[in-house]
Amino acid sequence: MFDTMGASGSADDINAMEIHHWYTKFMKECPSGQLCLHEFKHVLDLHGLTPEANSYVEQVFHTFDMNKDGFIDFLEFIAAINLVIRGKIDQKLKWYFKLYDADGNGCIDKKELLSIFAAIQAINGQTNMTAEEFTNMIFQKIDVNNDGELTLEEFISGVERDEDLMELITKSFDLSNVIKVIQNGRRHSI
């Protein structure tokens, strides 16, 4: 499973030391081994968020909480972080899709995409287009049947077909980047 090929992204692998670091942080914040939403924000040092950023973090929490018990345990936490940092692109796209699909109906509509992009902008701070422009562009490019909703299939095949879009989505929604920004206390945000 672990690749020792060096160049193929092994610098991004979560190694034992990192897992240990996360585990220590996790257990310090959360001796019960179960993170509720409030503690999750605390572990990632998220304070004083805008309402948009806050709803994004809540959506991330619910996406991490795989068994939907209202808590994230350490395995769910590491699985999520590992996916974010090392996951294959179609796994990430599926994950992004789940993240955007706020009401869980299996489709993303413009409102959902708009609110999640606005939230990510609030955390990341760097972007060269508005949330509206971004949303309209995505729908223009990949909403094949023009019904104003994206299914998982439309989303994945649309993004994988379009290199520019792939790069944009990966950059904008790269959670490892978001997590880094969050961990650094948003020193670099504008």
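This is a predicted model: local features need pLDDT of at least 70, side-chain atom pairs count only at pLDDT 80 or more; totals for chains, interfaces and linings use all residues.
Residues are numbered from 1 along each chain as its sequence is written, and side-chain values use heavy atoms, without hydrogens and water.

**Overall fold**

- The protein chain comprises ten helices and four strands, taken as DSSP runs (helices H or I, at least four residues; strands E, at least two).
- The order of elements from the N terminus is α-β-α-α-β-α-α-β-α-α-β-α-α-α.
- Of the 190 residues in the protein chain, 41% count as buried (under 20% relative accessible area; exposed is over 50%, partly exposed in between; 1.4 Å probe, protein chains only).

**Packing of α3 and α5**

- Helix α3 (residues 51–64) packs against helix α5 (residues 89–100) at an angle of about 125°, and their axes lie 9 Å apart.
- The residues Y56, Q59, V60, T63 and F64 of α3 meet W95, K98 and L99 of α5, where contact means heavy atoms within 4.5 Å.
- By class, this contact of α3 with α5 has five nonpolar, two polar and one charged residues.

**Cysteines**

- The structure holds zero disulfides (pairs of cysteine sulfur atoms within 2.5 Å).
- C107 has a relative accessible area of 14% and is therefore buried.
- C36, at 24% relative accessibility, counts as partly exposed.

Note on methods
Axes are lines fitted to C-alpha atoms, for helices over the stretch in contact, and angles run from 0 to 180 degrees between N-to-C directions. Ala, Val, Leu, Ile, Met, Phe, Trp, Tyr, Cys and Pro count as nonpolar, Asp, Glu, Lys and Arg as charged, and the others, Gly among them, as polar.
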